[in-house]
Structure formats: C-alpha cells, structure tokens
Amino acid sequence: MKKCLYTLKLEELMETLSLEKKFQARIVRDNLVKGVTDFQDMTSLSKEMRKRLGDNALTTEVTATEKSDSAVKLAIRLSDGLAVECVRLSDGKDRHTACLSSQVGCAMGCAFCKTGTMGLKRNLDAGEIIEQYVHLLKLGEDISHIVFMGMGEPLNNFGPLMEAIQILHNPEMFNISYRKITISTSGFVPGIHKLTELGFPIKLAVSLVTANDEKRSRIMRINRTYPLSQLRRAILSFQHHENKRVTLEYCMLKDYNMGAEDAEELKKFLQGMDALVNLIPWNPIEGMSFKSPDDNDIRLFTNELKKLGISYSIRRSKGRDISGACGQLASEVD
Ligand code: SAH
Ligand code: SF4
C-alpha cells in the first residue's frame, strides 16, 4: 500500500522514494507542502528521477467537488474505498479556512447531526487528515486557518489528530500557527484534559447546544457520560492553562433550546468563563424532526442573551447550499 509522504521525516522520505541525497528529499518535501503533488511537476528534480517516481504522490483522491460563493466541498476517497469530506470556507476577504474531518462517520450519534447517523466507520490516520488539507490547498489559494469541524469527534482520535496538527504546525512543513487551529468537540471531557496537559496553544470550541443537562442528554449521548458540570470544569481548566477565549457552539433548534430559560441556564454555565457563544441555526437534515429557527426566533433569543450580557456571534452557515455546512457532512460512498 502507498505510504503517505507527509508523515515521513526526511530520512524516511529518502528511503521510501529511494533517493540518494538529502537535498532531493528536501526538494520533494518543499513541493509537497506547497501542494505540488505530481512528481512530474517537481521541475527541480532531474528528468530521470521524475520519470522513476511516477505521477501522483498522494494516497487519497478527490472524487467530487461542489462549489458555492463562499465554500468548496471535496469528497475524498481513502485507500480502502471509504470516503470523507472536507470544505474550504472563504470570508470574501482572502481569508480561507480548511474544515477537516477526523473520522469516517462519528460514534457520538448527536440527534441533530447528519454525520452522527453514519455511526463510526473508522478513525483517520494523520496522513489522511493532512491530505485533506493538501487537496484544499491544491484549489489554489493560501489557507491560513484550520478547524476540525468536519466529520467525526476529533478528541476521540487523539493520537493521529495531534500527529497531524504537529505536522501542519511544523515550520519546516506547513507552518501554521497553533493559534489558527481550532478543535471542536462535542464535550469529550478526557480529551479536553489531555489537550490541556499537552499545552499547545490550540483553540478550543465546544458544541454545547444547550446548558440544560436533561435536554442535552436527550440529544447528545455524550452528556450521559460527561454531564455539564464535568464539561464546565474541563473547559475552565483548559482556559486556566491556555488563558484563551473558548468558543461555545450553540446549534439553535427552534422550540428546543431558544427560550428565556435556556438563556438563563447558558448564563450560569458561562460564569467565570471567557467564552464566545457561536449561534448556528440548525441546518435541516432530511428525516429529522427538529426545526430551524427563522430570523424572528433568532432575534428573540439574541435579545435574551443581550439582556444577560452574553457575548455571541451568529454563524450564517456558509456552504449550506452544497451540504457543506456544519452537521451536513456524511459520505454517500461506503
Ligand atoms: N464532532 C465535533 C466537530 C464536528 S461537528 C463537534 O461536535 O463539535 C461541528 C459543529 O456542527 C458542531 O458544533 C455541531 O454542534 C454542529 N452541527 C451538527 N449538526 C448540525 C446541524 N444539522 N446544523 C447546524 N450545526 C450542526
Ligand atoms: Fe459527531 Fe459532532 Fe455530529 Fe455529534 S455533532 S454526531 S460529535 S460530528
């Protein structure tokens, strides 16, 4: 089976590609991190060498591309035939963000999320995570930010996730600052603690959805194992060590988590925490009985938040029209 070249050290790259000199491996690596993945395009290698190396350096391939004004979604086929999706989001001001998947499917089964309906097929390895970024880079723009908000629960695949992040961060590789990398978790408390212990200044986002234990347990199974009190402590401890604002993602479900009481409970959860609440209107998914809030519902809820002095932003999901928005990622190829 083909090896992912992005996870190899220079010496290993030399061995895998049977290169004689380190400088040749360096040329290959410098091309790879720029998104040049066809050996034939690595023009500073000799013709003979290019011929010997063949064409494509990647282990995964893009099978479908969908575009909207602000998002491009790629379907990626892995070497075993499974598929994941990743999205490049653009803000119209030349800032591009890669939204990457960490698993094929997800074990968490949150009731409002399409990925959750797939169950967990398997974890991605570090190379498969990085290659998503590379495919997005090959679209032709610099991508300065990375969010792990695609398929899967990133903290349930901790080792490969951190290996990938370190390669993305490595100044000799992709050179992306930890501060521009966000991990979004549904609240896997042991994973948040591990992240805190590691001490990398990565940003944390937590999909809170509701600050009411009973409501949360009903739609997010993870809350039955790690209830809000434990989640709150884990977030505070992360914050204490990293001294950084966390994001709480709040998927707005009409008639479920948008009342005055919900705002009050949210206020309590936020006590002593430096957090921005990111409100995401629920993206409809066929077969699910939740309702999306309309503008009026959102206005009423944000009025409650304002009254309580809660900082929030509203994420108008980019890529909704191409099913590239939050919680809409689910691969159709098995
Ligand atoms: N598993 C991780 C990261 C992927 S989900 C997590 O849960 O945080 C990314 C975000 O999409 C989460 O904040 C989740 O709450 C949100 N989400 C899931 N389904 C959604 C939907 N149908 N509409 C809007 N947001 C959704
Ligand atoms: Fe998994 Fe996140 Fe979807 Fe929940 S919201 S099922 S954790 S991907």
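**Notebook: strands, cores and salt bridges in a predicted model**

I began with strands E1 and E2, which run antiparallel and are joined by 6 bridges. For this I noted that two strands count as paired if DSSP finds at least two bridges between them. Helices (H or I, at least four residues) and strands (E, at least two) are DSSP runs, numbered from the N terminus. I recorded that this is a predicted model, in which local features need pLDDT of at least 70 and side-chain atom pairs count only at pLDDT 80 or more, while totals for chains, interfaces and linings use all residues. Residues are numbered from 1 along each chain as its sequence is written, chains are lettered from A and ligands numbered from 1 in the order in which they are written, and side-chain values use heavy atoms, with hydrogens and water left out.

**Entry 1: the hairpins**

I found that a hairpin of 3 residues connects E1 to E2. Glu66 has Lys73 in E2 as its bridge partner. I then followed E2 to strand E3 (residues 83-90); these two run antiparallel over 7 bridges. Ala71 is partnered by Leu89 in E3. The hairpin of E2 and E3 has 5 residues between the strands, and in it Gly81 takes a positive phi near 95°.

I looked up burial next: buried means under 20% relative accessible area, exposed over 50%, and partly exposed in between (1.4 Å probe, protein chains only). Strand E2 (residues 71-77) is largely enclosed by the rest of the structure, because 6 of its 7 residues are buried.

**Entry 2: the sheet**

I traced an open sheet of 10 strands in the order E1-E2-E3-E4-E7-E8-E9-E10-E11-E12, with mixed pairing. Strand E1 (61-67) and strand E12 (312-314) are at the edges with a single partner strand each, so one side of each has no neighbour in the sheet. From one strand to the next the twist averages 20°. Angles run from 0 to 180 degrees between N-to-C directions, and axes are lines fitted to C-alpha atoms, for helices over the stretch in contact.

Strand E7 (residues 145-148) pairs with strand E8 (residues 181-185) in the parallel sense, over 3 bridges.

**Entry 3: salt bridges**

I searched for salt bridges (a side-chain nitrogen of Lys or Arg within 4 Å of a carboxyl oxygen of Asp or Glu). The whole structure holds 14 of them. Glu66 and Lys73 form one, with their closest N and O atoms 3.7 Å apart. Glu66 is partly exposed at 36% relative accessible area, whereas Lys73 is buried at 7%.

Glu128 and Arg122 form another, at 2.9 Å from N to O. Here Glu128 is buried at 7% and Arg122 is partly exposed at 22%.

Lys307 forms a salt bridge with Glu304, the closest N and O atoms being 3.4 Å apart. The two are about one helical turn apart, because they lie 3 residues from each other in helix H11 (residues 295-307). Lys307 is exposed, at 64%. I also noted that Glu66, Lys73 and Glu85 are joined into one network by salt bridges that share partners.

**Entry 4: the cores**

A nonpolar core is a set of buried Ala, Val, Leu, Ile, Met, Phe, Trp, Tyr and Cys residues joined through side-chain atoms within 4.5 Å. The largest has 107 residues, and Phe112, Tyr133 and Phe174 have the most contacts inside it. A second, separate core of 7 residues includes Val87 and Val147.
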